[in-house]
Each structure stands twice: as structure tokens, then as C-alpha cells.
Amino acid sequence: MGRAKPRQVLKGRVALITGASSGIGWAMALGFADAGADLVLVARRAHRLVQLTHAIEAKGRRALLVVADVAIERAMKRVLQQADLVFPGIDILVNNAGICLPEQPTHKTPLPDWERVLAVNLRGPFLLSRLLVPRMVAAGYGRIINLTSSYKAEPLHGVYSVSKAALFALTRVMAQELRGTGILVNALDPGWICSEMAPDGPNPPERVVPLGVRLASLPARGPSGREFVVPFKGAIHG
Ligand SMILES: NC(=O)c1ccc[n+]([C@@H]2O[C@H](COP(=O)([O-])OP(=O)(O)OC[C@H]3O[C@@H](n4cnc5c(N)ncnc54)[C@H](OP(=O)(O)O)[C@@H]3O)[C@@H](O)[C@H]2O)c1
């Protein structure tokens with residue numbers, strides 16, 4: 001017997017996923033397409049996004065790829081302009097693009113590296129949220145998922161930890177500010193996943209997909225401002 005077709009809980013929805021060219025973002029894009037969503041795919045590597053677009057179209061869904069750097073405001077404005085030509089709106093934002101540095105004592109982190117990590121991991125989600133929230137408020141619907149991490153005070157990963165702690169703070173603040181608007185803002189901590197960022201990770205990126213789909217399809221009265229952790233075999237999660 002073949003595997004059961006995933007329920008179409010995202011049918012009719014459009015999801016914008018940043019960092020879709022590899023790892024968790026790539027897996028999430030395919031999983032969202034399986035759940036019925038159309039996709040706007042953002043990252044810097046065009047050839048990877050082209051491959052992913054073909055894979056999504058083979059599933060019968062639509063995908064628009066936009067090569068862009070999430071840290072640059074005008075690039076994010078361009079993403080939305082291009083999406084406007086193809087889709088009626090964006091219902092779901094997954095702020096997944098992220099970078100980290102090699103291990104080093106925080107006081108030795110070069111300033112440009114410090115600023116780059118914060119620009120990608122924190123300014124990027126802020127920029128896209130700032131551009132999309134007014135549209136989501138007008139539509140009375142939005143689901144925002146920010147990829148955080150258990151590394152929020154991890155030695156030798158200072159600026160990465162700071163960026164993820166701040167992203168969780170952004171999640172909580174925006175969730176409170178947007179209460180009653182139809183927009184739910186949550187954080188997703190994927191655990192330790194094998195990807196370009198973490199090649200030794202013991203779990204495949206696909207492990208993140210069910211929780212991602214669940215957060216993207218939360219009902220109107222669903223939770224907001226919380227961090228959800230991908231459950232692992234044998235682990236107990238509240
Ligand atoms: N893997 C883990 O164990 C783990 C644990 C906790 C949290 N996370 C978080 O999960 C998210 C995904 O990570 P991953 O493990 O899937 O890593 P990954 O495979 O390295 O993916 C990172 C993605 O971000 C994109 N990206 C990087 N800088 C960008 C920029 N300036 N503009 C646009 N896109 C950019 C990369 O694509 P391009 O290079 O093509 O731009 C890539 O697609 C990250 O936020 C990470 O912090 C991962």
C-alpha cells in the first residue's frame with residue numbers, strides 16, 4: 001500500500017518561504033505543496049530555486065521563485081511586487097533563512113560578521129513582517145512562522161544565539177500586538193537537523209514538515225506568541 005496523501009489543509013493558501021534553496025526551507029516548501037499551498041520561494045541561489053520550482057510544479061502546485069537577499073529592504077519589496085503579479089496575496093510567511101558562524105568566543109567576533117548574522121537572522125524577518133503585516137491585517141488572515149533555535153545562550157555561538165533569542169522576542173511582541181487581527185505569529189525550533197548549516201545533524205529536514213504545516217494551518221483561535229519544538233522519538237513535548 002502507498003503512503004496516504006497528506007490532507008490538503010493549506011489548499012487555496014499562498015506561502016512565502018525564505019531560505020527555500022536548501023535544508024529545512026526546501027523540505028518545508030515541498031511539504032506545504034503536498035498540503036495544497038502555492039509557494040513564493042526566496043533565497044540567493046537561483047539554480048536551487050529552479051530545481052525546487054520544478055519539483056513543486058510536478059506536484060500540481062504553483063511556485064514563484066525570487067532570487068533575493070532577505071537582509072535588503074528593496075529586495076524584499078521586489079519579492080512582494082513580483083508575487084503580486086502572480087498571486088492574489090500571501091497568507092503564510094515562513095522566516096526560515098538563517099546563517100551561523102564557526103564557533104568562536106563572542107568577544108572575538110569580527111564586527112562585520114556580527115552585523116551580517118543579525119541582518120539575515122533578525123532584520124530579514126522584521127523586514128518581511130513589516131511589509132506583509134499591513135496586507136495580512138487588511139485580509140484578516142495571516143500565519144507567520146519564525147525559525148528559532150534552542151541556541152539562545154550557547155557558548156561560542158554568541159551572535160547566532162542573540163539573533164534567535166531576539167527573533168523569539170520579536171515573535172512574542174508581534175503576537176501580542178496583532179491579537180484580534182486574524183494573524184498568528186509563532187516560533188518553530190526545529191531541533192538538530194542535518195543541513196548545510198548543521199551537516200552532523202541526526203534528523204532529516206523532512207522531520208520539521210508536520211509541525212510547519214500545523215503552524216501554517218492553525219485555526220483562528222490557535223496559539224500565538226509561542227515557540228514549538230519539533231518532537232523527537234522518545235522525547236516528551238508539552
Ligand atoms: N539545522 C539545524 O539543526 C537548525 C537548528 C535550529 C535552527 N535552525 C534554523 O533553521 C533555519 C534553516 O536552517 P537550515 O538548517 O535549513 O540551514 P541551511 O541548509 O544552511 O539553509 C539556510 C537557507 O537560508 C538561505 N539564506 C542564507 N542567507 C540568506 C540571505 N541573506 N537571503 C536569503 N536567503 C538566505 C540559504 O540559501 P542561499 O544560500 O541560496 O541564499 C539557505 O537556503 C535557519 O534559520 C536556522 O537558524 C536550524
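How close do the axes of α4 and α5 come, and at what angle do they cross? The legends below take up this question together with other close-up views. The structure is a predicted model, in which local features need pLDDT of at least 70 and side-chain atom pairs count only at pLDDT 80 or more, while totals for chains, interfaces and linings use all residues. Residues are numbered from 1 along each chain as its sequence is written.

**View 1. Helices α4 and α5 are roughly parallel.**
The axes of α4 and α5 come within 9 Å and cross at roughly 15°, which makes α4 roughly parallel to α5. Helices (H or I, at least four residues) and strands (E, at least two) are DSSP runs numbered from the N terminus; axes are lines fitted to C-alpha atoms, for helices over the stretch in contact, and angles run from 0 to 180 degrees between N-to-C directions. Angles under 35 degrees count as roughly parallel, over 145 as roughly antiparallel, 65 to 115 as roughly perpendicular and the rest as oblique. The crossing of these two helices, α4 and α5, is right-handed, a term for the near helix being turned clockwise from the far one by less than a right angle, with anticlockwise giving left-handed. On the side of α4, the residues that meet α5 include Trp114, Leu118, Leu122 and Phe126, and among their partners in α5 are Val159, Tyr160, Leu167 and Met174; contact requires C-beta atoms, placed from the backbone, within 7 Å. By class, the residues of this contact divide into 12 nonpolar, three polar and one charged, where Ala, Val, Leu, Ile, Met, Phe, Trp, Tyr, Cys and Pro count as nonpolar, Asp, Glu, Lys and Arg as charged, and the others, Gly among them, as polar.

**View 2. Helix α3 packs against α4 at an angle of about 40°.**
Helix α3 (residues 73–84) and helix α4 (residues 111–139) have their axes 10 Å apart, and the angle between them makes α3 oblique to α4. The crossing in which α3 passes α4 is right-handed. Glu73, Met76, Lys77 and Leu80 of α3 make the contact with Leu127, Leu128 and Leu131 of α4, a set with five nonpolar, no polar and two charged residues.

**View 3. The ligand is surrounded by 30 residues.**
The closest residues of this shell are Gly19, Gly23, Arg44, Gly98 and Ser195, a residue being near the ligand if its C-beta atom, placed from the backbone, lies within 6 Å of it. At least two residues of the shell come from each of α1 (23–34) and β2 (38–43), and α1 supplies the largest share, three residues. The shell comprises 14 nonpolar, 11 polar and five charged residues.

**View 4. Valine 94 is buried in the model.**
Valine 94 has its place in strand β4 (residues 92–95) and has 29 C-beta neighbours inside 10 Å; a residue is buried if 20 or more other C-beta atoms lie within 10 Å of its own, exposed if 12 or fewer, and partly exposed in between, with C-beta atoms placed from the backbone. Leaving aside residues up to four places away in sequence, valine 94 touches Ala15, Leu16, Ile17, Thr18, Met28 and Ile145.

**View 5. Leucine 156 has a positive phi, near 75°.**
Leucine 156, a residue other than glycine, is found in the loop between β5 (142–147) and α5 (158–177). With 14 other C-beta atoms within 10 Å, leucine 156 is partly exposed.

Key
Two residues are in contact if their C-beta atoms, placed from the backbone, lie within 7 Å.
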